[in-house]
Amino acid sequence: MKKTIYFNGKIVTVNDSNSIAEAVLVEEGKIVNVGTNDDILLLNDKNAKMVDLEGKTMLPGFIDPHGHIVAMSQVLLVVALGEVTSKEQLVNKLVEYKNTTKLPQGAWIIGFGYDNSKFEDKEHPTKFDLDQISTEIPVSIAHASGHIMVVNTPGLEAFGYTGMNYEVPEGGVVQTVSEDSREANGILEENAFMCPEKKTIVSQPTFEQVLDSIEKAQRMYAGLGITTTQDASVNEENHYNDMLLAAASNGKTIIDIVGLSTQFSTFNQMKNEGTPNRKYYNHYKLAGAKTWLDGSPQGKTAWLSQPYHVVPEGQPKDYCGYGTQEDDTVTEYFVNCIKNNLQVHVHTNGDLACEQFLRCYEKAVEITGHGTELRPVMVHCQALRIDQLDRVKKIGAIPTFFNDHVAFWGDYHYESVFGPERAQNISPIGSALEKEIIFTLHQDPPVKVPNQILAIHNAVNRETESGRILGKHQRISVLDAIKAVTINGAYQYFEEDVKGTIEKGKYADFVILDKNPLEVDKKELKKIKVLETIKEGTTIFKA
């Protein structure tokens, strides 16, 4: 039998007593025992592989509670725009790609990750900017939030948003060149490009390209200590389930991947046993449902109860963003999820989106007589209000916070999105902890790279790029932040019996770090490096 003993370490078990161990015995991918060096070394029958941790720190493998690994894989195949700080840089980078890449017939030029809050004028690019790249080849670029796309003139023609009489899908917005014009300016919001009939218009990489890139993306995740991740965008049209099953069948899955079937496909794709009982097939399982109720705060499409601090140009003074669905539709979806024993993950950024989730899930529980045991997940929760938290707890919901907004967009939220007062309570993790609500932390890849060490740092410090502290009262301890990316993630996935802590009987999913997060200066947490990642006893990354 394959045995390994890790010893001479600082093993942060994250168990109920928060104990620190020195050694752990692993056999056939599972933890057999945890304790002191003397305890574990006495168990050695000379057949075990001995690994001296030399004082390094071991944690449970990090769990990514919300993300889009197939989209992350696709992003690795397109033009990365996350670092551009002006429209000129953006255009130049796409022109360089066009001039150095042989595009197949019918292919688009695709970019991802631009962030207009980094631009001097804070304004999105338009078709007029992208037409500088090409007026013949369609061009699309996605905002860092994933909720806004900008296309050039050929792109608008492909989407059917030309002339003056085009129709926009419900829950979507096509921005125009002026208030009194119907001419599209190239900026598309939400269902204008995300609904099923529009989602496949932009040409995508081939099945084979994505399959190879899924493996590369997992290697990147493993390098960041992640042993379980998610794809929250699986549906019949995009064939993500086929891709992930193919990756699993061909031995290309090295970490656990949990798929979520989106609203329009859920009950076709999820016909057998419900979420708590679904099993992995070679590290992949389709295990839950997904829908969305609003957009993003940095894109100013999140649905708020009070107007944006700085209202987008062309919008009325009382502009608060908008929702994507009516209550009846949302409630019916929740009822059917509960009847099918499915956990539902719901995109809720603004406080009115959070309110709609609470209102409709409460109604669904009333109709069905149960559902709280399914641990519904509220995704992002940027503007979740403190007065809403008691209701979150009552229905057993798990908020998964994109708390890293504080670091990436905190200054923008303070100055433009929410204003100084509301910005103090974005991602209210401290308040959730006080209410004893189980929550998790994520980066919504590919919006940002899935970096749970950074999540720990930002949960503890809540410091913006300029050094401003947003919500000192919302900061949490290092240990509570570690729990949010380990055992709480396991709980969210109904896997707390096999993951999330270093305890006897659980999978040997570990991450080995160069420093102990419980001992370093809190300002230095983000500098901690992953030295090794171990999935079920097998090393899948080593620095």
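**Figure 1. Thr-4 and Val-26 in the pairing of strands 1 and 4.** In this predicted model, Thr-4 has Val-26 of strand 4 as its bridge partner. Strand 1 (residues 3-7) and strand 4 (residues 23-27) are antiparallel and share 4 bridges; strands count as paired if DSSP finds at least two bridges between them. Helices (H or I, at least four residues) and strands (E, at least two) are DSSP runs, numbered from the N terminus. Residues are numbered from 1 along each chain as its sequence is written, and side-chain values use heavy atoms, with hydrogens and water left out. The model being predicted, local features need pLDDT of at least 70 and side-chain atom pairs count only at pLDDT 80 or more, whereas totals for chains, interfaces and linings use all residues.

**Figure 2. The open sheet with strand order 5-4-1-6.** This sheet consists of 4 strands with mixed pairing. Strand 5 (30-35) and strand 6 (49-52) are at the edges and have a single partner strand each, so one side of each lacks a neighbour in the sheet. Neighbouring strands are turned against each other by 15° on average, direction ignored; axes are lines fitted to C-alpha atoms, for helices over the stretch in contact, and angles run from 0 to 180 degrees between N-to-C directions.

Figure 3. Strand 18 (residues 344-348) runs parallel to strand 19 (residues 377-380), joined by 4 bridges, and Val-346 lies opposite Met-378 of strand 19. The chain passes from strand 18 to strand 19 through helix 12 (residues 351-368) in a right-handed β-α-β crossover; a crossover is right-handed if, with the strands pointing away from the viewer, the path from the first strand over the helix to the second runs clockwise. Strand 19 is also joined by 4 bridges to strand 20 (residues 398-401), in parallel, with Pro-399 of strand 20 as the bridge partner of Met-378.

**Figure 4. The salt bridge between Glu-355 and Arg-385.** The two side chains meet at 3.9 Å, N to O; a salt bridge is a side-chain nitrogen of Lys or Arg within 4 Å of a carboxyl oxygen of Asp or Glu. Glu-355 belongs to helix 12 and Arg-385 to the loop between strand 19 and helix 13, 30 residues apart. The count by this rule is 29 salt bridges.

Figure 5. On a 1 Å grid over the protein atoms alone, a cavity is a set of points where a 1.4 Å probe fits but cannot get out, and a pocket is an open set with protein on both sides within 12 Å along at least five of seven lines; lining residues have an atom within 4 Å of a point. Of the 44 residues lining the largest pocket, Ala-71, Gln-74, Phe-193, Lys-199 and Tyr-240 lie nearest its centre. This pocket holds about 1,000 Å³ of space; a volume is the space filled by probe spheres set on the points, which are joined across faces, edges and corners. The largest cavity, of about 60 Å³, has a lining that includes His-147, His-347, His-380, His-405 and Asp-444.
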